[in-house]
Amino acid sequence: MNAPVNAQANGLDDPLGGLVAALLADDGGKAWPGAVPRRLGAVLDTMPAAARAGVRAAAAAVDAYAAVRTGRRLRGLTPRERESVLSSLAARPSLLPVLDAVKVPVMLAAGTERMLHEEPPLSPAYSPGSAPGSTPGAAPVDPPLDCVPSAHWPDRSTADAVVVGSGAGGAVAARTLARAGMRVVVLEEGRHHTTADFGRRAPLDRFGELYRDGGGTVALGNPPVVLPVGRAVGGTTVVNSGTCYRTPDHVLTRWREKYGLALADVDSFGECLDEVERTVKVATAPLDVLGRNGKTALLGAERLGWRAAPLRRNATGCKGSCQCVVGCPTGAKQSVQLSVLPDACAAGARIVTGAYAQRVLVERDRPGGPRACGVSVRRPDGSELEILSPLVVVAAGALYSPPLLRRSGLGGHPRLGRNLAVHPAASVAGRFAEPVTAWRGVLQSVGVEELHGDGILIEATAGPPGMGSFVLPGVGRELRRELDGAGSLATLGAMIADLPSGRVLGARRTLLRYDLARRDAGRLMRAVEAMGKVLFAAGAEEVLTGVPSAPRARSQDELRELLRKLTARQLHLSAFHPTGTVALGADPQTAPADAEGWLRGVRGVLIADGSALPSCPEVNPQLTVMATALAVTRAAPGVAQSA
């Protein structure tokens with residue numbers, strides 16, 4: 001079909017719509033591509049202004065190029081003519097990365113629309129008559145939480161402890177303090193989402209609200225990396241994979257011997273890990289819901305003789321809906337709003353939502369030096385409230401705790417905001433002759449640990465259609481074929497234990513800087529080659545690299561040769577698990593907080609989140625952060641006495 005597609009009917013009334021039609025080879029033959037521009041507009045609305053402007057500017061530039069090249073805008077061209085325009089741009093090495101970056105939000109929107117129009121429901125629990133992303137019958141009832149919107153909270157109140165942040169660290173801190181008899185208030189900038197909420201909406205419809213900046217948080221550097229973090233009651237635990245690794249003993253030994261952390265004693269920290277595991281119900285992912293993506297990874301590792309096994313997760317009763325990263329719609333994943341925070345509220349803690357912590361309030365003329373006395377909070381309408389308290393627990397996460405402390409006049413330590421480690425990650429896909437349907441099963445299912453001793457951890461990771469970190473190659477008909485054949489792809493991801501190479505800058509606005517260390521770049525390239533080896537061993541016909549200039553290899557030798565011509569900076573990199581920016585340590589010259597978790601230079605401020613970890617934990621850190629928060633809050637005055 002070579003006639004121009006009706007522009008108005010397909011949403012092609014602006015350059016963005018024309019670019020989408022060109023990328024997806026929309027010839028009007030199917031309904032779903034025509035719905036993508038409007039869906040894309042909704043995705044862009046959740047992203048930072050700079051990202052929105054960048055995508056729209058790129059679309060306008062392509063549209064203008066089409067007009068110069070053909071005399072007509074994209075929306076007036078036939079599908080073949082649009083593809084010719086994009087192909088000529090893609091042939092320019094300097095423009096190919098830009099075009100590939102624009103594809104990321106388009107793939108999000110396209111995957112969702114294709115699922116809504118053509119895919120059966122994502123889980124056996126879904127009935128054919130229900131809307132995709134919803135569950136039939138009565139929704140699971142979540143444990144009760146005492147959540148109060150900030151608009152309904154008084155302008156001035158008091159507490160024994162204020163916890164800033166409701167994620168992995170903040171939730172555990174709140175529970176520990178409340179159980180010790182303290183009056184605890186938890187501040188959360190996001191809102192409370194229930195399992196029923198998740199079941200009523202398609203995955204992408206939840207994405208923008210559950211992630212800060214619509215998932216578009218970026219660390220600038222060489223190369224830039226996307227660093228998604230959650231914003232909701234429960235923090236990033238609501239949108240993580242559910243993978244639960246215990247802190248490796250050698251990491252704890254390093255923290256104790258190099259950084260002077262007595263709390264990192266293998267036995268005592270192990271007891272904290274045990275308690276956290278019981279709370280969030282950690283168990284090994286069962287084979288019957290693992291899915292073919294995970295089983296493919298197991299097969300490849302077995303044929304190579306590599307160590308691999310189903311991952312331990314906090315998702316007993318998992319239905320395999322593959323939606324962990326946008327909120328579990330079945331209530332199986334025990335993120336902290338389902339596990340820890342209900343216990344905290346039962347012990348008297350209260351959660352204020354829509355509460356942006358502006359600054360820690362400090363009495364500076366107290367005998368003995370400055371002392372925290374509460375937190376100033378901004379409501380969504382711009383009005384303010386104050387909660388007065390002698391104890392402030394900072395658990396806003398490694399990216400947002402340093403700016404809070406700077407806004408509070410507590411950012412004087414030279415290492416505050418430095419020491420950022422982020423687990424840089426890359427992914428690849430393998431094409432198989434038979435269907436894999438990676439989005440049916442556990443989202444992150446299998447760990448391949450053969451190279452973990454070298455700082456490389458491979459995990460079988462999929463996602464809802466269009467929402468994986470892997471970017472399909474090509475434009476026009478090639479990209480459309482890849483989308484239509486996505487069901488035959490198995491996907492793996494690898495993260496590396498990195499050197500702390502980043503910084504969190506700013507106070508009012510947060511700016512992230514991360515420059516990949518040379519050692520870590522080498523680890524990433526080795527990780528890509530290793531993932532290809534696993535996929536080829538499992539029977540893959542080809543491996544897709546995600547690199548636009550070298551998108552596919554049909555043998556391990558070809559992949560190895562291809563990688564020799566690339567650098568890690570050409571990979572599609574993302575990053576997860578930020579840590580280390582308010583690190584604990586015995587040395588006051590190098591650690592902003594002391595070995596017990598107290599911020600230096602002020603009394604009454606306790607650090608209890610991922611920022612407290614002194615170096616990369618080398619594994620998915622949810623349990624490590626929770627156990628650290630448990631260890632530091634247990635030792636706090638008033639808690640230790642009541643224990």
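These are my notebook entries on a few places I looked up in this structure.

**Entry 1: confidence**

I began by noting that the model is predicted. The protein averages a pLDDT of 91. I also noted that 94% of the residues score at least 70. Over residues 1-12, pLDDT stays under 50. The model has 34 contacts beyond four places in sequence for residues 1-12. Residues 122-136 also stay under 50 in pLDDT. For residues 122-136 I wrote down 38 contacts beyond four places in sequence.

**Entry 2: helix H1**

Next I went to helix H1, residues 15-23. How many of the residues of H1 are buried? I found 8 of the 9, so the helix is largely enclosed by the rest of the structure. I listed the buried ones: Leu16, Gly17, Gly18, Leu19, Val20, Ala21, Ala22 and Leu23. To count as buried, a residue needs under 20% relative accessible area.

What covers the buried residues of H1? The cover includes helix H2 (32-45), helix H3 (49-70) and helix H4 (79-90). Helix H5 (96-118) and helix H14 (477-484) are also part of the cover.

I checked both ends of H1. At the start, a side-chain oxygen of Asp14 reaches to within 3.1 Å of the backbone nitrogen of Leu16. Just after H1, Ala25 takes a positive phi of about 50 degrees.

**Entry 3: a sheet of 6 strands**

I then traced an open sheet of 6 strands. I wrote its order as E1-E10-E4-E3-E14-E24, and the pairing is parallel. Which strands stand at the edges? They are strand E1 (147-149) and strand E24 (605-607). Each has a single partner strand, so one side of each is left without a neighbour in the sheet. Neighbouring strands of this sheet are turned by 25 degrees against each other on average, direction ignored.

Strand E4 covers residues 184-188, and strand E10 covers residues 350-353. These two pair in the parallel sense over 4 bridges. I found Glu188 opposite Thr353 in E10.

**Entry 4: Arg440**

My last stop was Arg440. Where does Arg440 lie? I found Arg440 in the loop between strand E15 (424-431) and strand E16 (444-448). Its relative accessibility is 28%, so Arg440 counts as partly exposed. The class runs between the 20% cut-off for buried and the 50% cut-off for exposed.

I also compared Arg440 with Leu290. They are 150 residues apart in sequence. In space, Arg440 and Leu290 are 8.6 Å apart, C-alpha to C-alpha.

Conventions
Residues numbered from 1 in each chain as written. Predicted model: local features only at pLDDT ≥ 70, side-chain atom pairs only at ≥ 80, totals over all residues. Heavy atoms only, no water. pLDDT = per-residue confidence, 0-100. Contact = heavy atoms within 4.5 Å. Buried < 20%, exposed > 50% of the residue type's maximum accessible area, 1.4 Å probe, protein only. Polar contact = N/O pair within 3.5 Å; in protein donor to acceptor, adjacent residues only side chain to side chain. Pairing = 2+ DSSP bridges. Axes fitted to C-alpha atoms, helices over the stretch in contact; angles between N-to-C directions.
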